[in-house]
Amino acid sequence: LDVNTLQTLDLEIPSKTRSVTWLPDESGFVYNNLKDASNPYSGQVMFHRMGANPAADALLFRQFTKDENEKLATTWGPYGSLSEDGHWLVLGYWIDTKSNDLWLVNFDEFLKTGKVNKHVVTLGEPGLVKDAKVVDGTLYLQTTKGAPQGRIVATDPAQPESSNWRDIVPERADAVIEGVAWADGLIAVTYLKNASNVVEVFERTGKSLGTLDQPGIGSVGLSAELDRTEAFLTFTSYNYPTTIFRMDLAKPQVAPVLWQRPDVPVDPETVEVKQVWYPSKDGTPISMFLVYKKGLKLNGAAPTLLYGYGGFNISETPRFSATMFQWFDAGGVYAVANLRGGGEYGDAWHEAGMLEKKQNVFDDFIAAGEWLITNGYTEPKKLAIWGGSNGGLLTGALVVQRPDLFQAAIVAVPLLDMLRYQNFLMARYWVPEYGTAEDPEQFKYLFDYSPYQQIKPGTEYPAVLLTAGEHDARVHPVHARKMAAALQAATTSDPAKKPVLLWVDMEAGHGQGKPLDLRLRDVVDSRIFAMWQLGMLDK
């Protein structure tokens, strides 16, 4: 689109094109896409010169084939982006879900010669480089390599190897670096501490200027530009609508100024948020957020919706959702457990919930339910669990492991047959996270927890709502279909009172990109199911 004339240009590049970065003179751009849209393992990094035929775009980097490297052929593969000045191209390749390799390319040289000369930044080292930025002739990296909690390092682009890295913002034991924003002479580092965010501002020498003044405990995002210290802070929490503030990073202690807030038809002041800690099966302390209406009398029978994810280094931090307020108004409690496998407490937290340690995630979730019951929030017949994707595996596992613990489970777009999951769609991406039954040793622990294989006929299972998307490119709907059929055949529960229901959305996939009306429909379906099962519709 020509933004001056609003005319659509003829240029169209197919096959899941994403991550476009432009040369500063607008003469071309680097992008990532699939060579074959039907093959999720055909990733490539390309360069398009404006005015040229996209069919002639230059290949900068591509995914390995199975003949070249069987392991790396089925990871998330390659990616690339240009520096703001266009002089440098950063190329990366995913080794697994928690490690990547990185190279630096002189893009001026490529434009002159057509040759891609990759200079190693890091190769074969565990950990991630999450952000790479060349600023004023210095390469800065946000990385967990050599620092599981994260650090910011700097090096000369001419000698970018890890042996030449020097710490600018060193690793902290009490917080995880989640993101970095770059401003004029400044680095703003977003930390994750106790599953919520704080932002600290540093000079590029590493000198701290202090932490930002923010509204409270919640999740933040920061947008900044290299030519100014002005920035925009996005803040949200369970009882705080997503709000944008304007601020000066050079004066972090000065309160940010409200820039934009949505006019939501709910009163956030009516809702209380607290964080608690509880011990898991092995004694590991787990944090959990509890959200409910202020003044709610906790009599041990509050309808409670317990949510979890626990995988892929993804952190569950406070987020506002207007559709939860109907739940709170009806006397419901919402609990979010920060399970192992997530990223809330660094790489070690992630690793403690993956591969052969995946059962820790389920144990953490079970312990969350038990804590809510023991501490007078709810009881089994008033407890429902909810999770999607990897979280659907979580709730599916609890259905078969602890059917007595709760009344109902929402198992959304789930992985459930863990012995065969790797054979469908793009699931080999996830073998580094889960393992594969093709490996005899990994087969053992996968079989032990795989929900589909662990269904036991003659068991009184809770009510279950399984959902799937017919066009899901990530998780095949066969998981939900098979699990629904097997549970329906195995359960001794009265199907009129505790049914096993299957909803396959014939118009959607994994969930991304759904229009508002369909997202609201999904919320209503799952929420009414939970409210029905927890006796909230009887009033």
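Student: Helices (H or I, at least four residues) and strands (E, at least two) are DSSP runs, numbered from the N terminus. What follows H4?

Tutor: Gly376 follows H4, and its phi is positive, near 80 degrees. Please note that this is a predicted model, in which local features need pLDDT of at least 70 and side-chain atom pairs count only at pLDDT 80 or more, while totals for chains, interfaces and linings use all residues. Residues are numbered from 1 along each chain as its sequence is written, and side-chain values use heavy atoms, without hydrogens and water.

Student: How far apart are the end C-alpha atoms of H4?

Tutor: They are 22 Å apart. Helix H4 covers residues 359-374, and its 16 residues should span 22 Å at 1.5 Å a residue, so the two values agree. The expected span is 1.5 Å times one less than the number of residues.

Student: Why is H4 called largely enclosed?

Tutor: Because 12 of its 16 residues are buried, H4 is largely enclosed by the rest of the structure. Buried means under 20% relative accessible area (1.4 Å probe, protein chains only). Among the buried residues of H4 are Val361, Phe362, Phe365, Ile366, Trp371 and Leu372.

Student: Which residues have the most contacts inside the largest nonpolar core?

Tutor: They are Met288, Leu306 and Trp430, in a core of 91 residues. H4 supplies the largest share of this core, eight residues. Such a core is a set of buried Ala, Val, Leu, Ile, Met, Phe, Trp, Tyr and Cys residues joined through side-chain atoms within 4.5 Å. There is also a second, separate core of 17 residues, which includes Leu186, Val199, Val220 and Phe245.

Student: What is Met288 in contact with?

Tutor: Leaving aside neighbours within four places in sequence, the partners of Met288 include Leu306, Tyr278, Val336, Ala368, Trp371 and Leu372. Contact here means heavy atoms within 4.5 Å.

Student: Changing topic, in what order do the four strands of the open sheet come?

Tutor: The order is E1-E2-E3-E4, with antiparallel pairing. Two strands pair if DSSP finds at least two bridges between them. Strand E1 (18-22) and strand E4 (58-62) are the edges, each pairing on one side only.

Student: How many bridges pair E2 with E3?

Tutor: Seven bridges pair strand E2 (residues 28-34) with strand E3 (residues 43-49), in the antiparallel sense. Gly28 stands opposite Arg49 in E3.

Student: And what joins E17 to E18?

Tutor: A hairpin does, through five residues. Strand E17 (residues 219-224) and strand E18 (residues 230-237) run antiparallel and are joined by six bridges. Gly221 has Thr234 in E18 as its bridge partner.

Student: Where does Asp505 lie, and is it buried or exposed?

Tutor: Asp505 lies in strand E28 (residues 500-505), and at 5% relative accessibility it counts as buried. Its side chain is joined to that of Arg521 by a polar contact of 2.5 Å. Beyond neighbours within four places in sequence, Asp505 is in contact with Ala468, Gly469, Glu470, Lys514 and Arg521.

Student: What covers the buried residues of H9?

Tutor: The cover includes helix H2 (325-329), strand E25 (383-388), strand E26 (408-412), strand E27 (463-469) and E28. Leu518, Phe529 and Met531 are among the buried residues of H9.

Student: How far does H9 reach from its first C-alpha to its last?

Tutor: Helix H9 (residues 516-533) has 18 residues and reaches 26 Å, close to the 26 Å expected at 1.5 Å a residue. Just after H9, Gly535 takes a positive phi of about 75 degrees.

Methods
Buried < 20%, exposed > 50% of the residue type's maximum accessible area, 1.4 Å probe, protein only. Polar contact = N/O pair within 3.5 Å; in protein donor to acceptor, adjacent residues only side chain to side chain.
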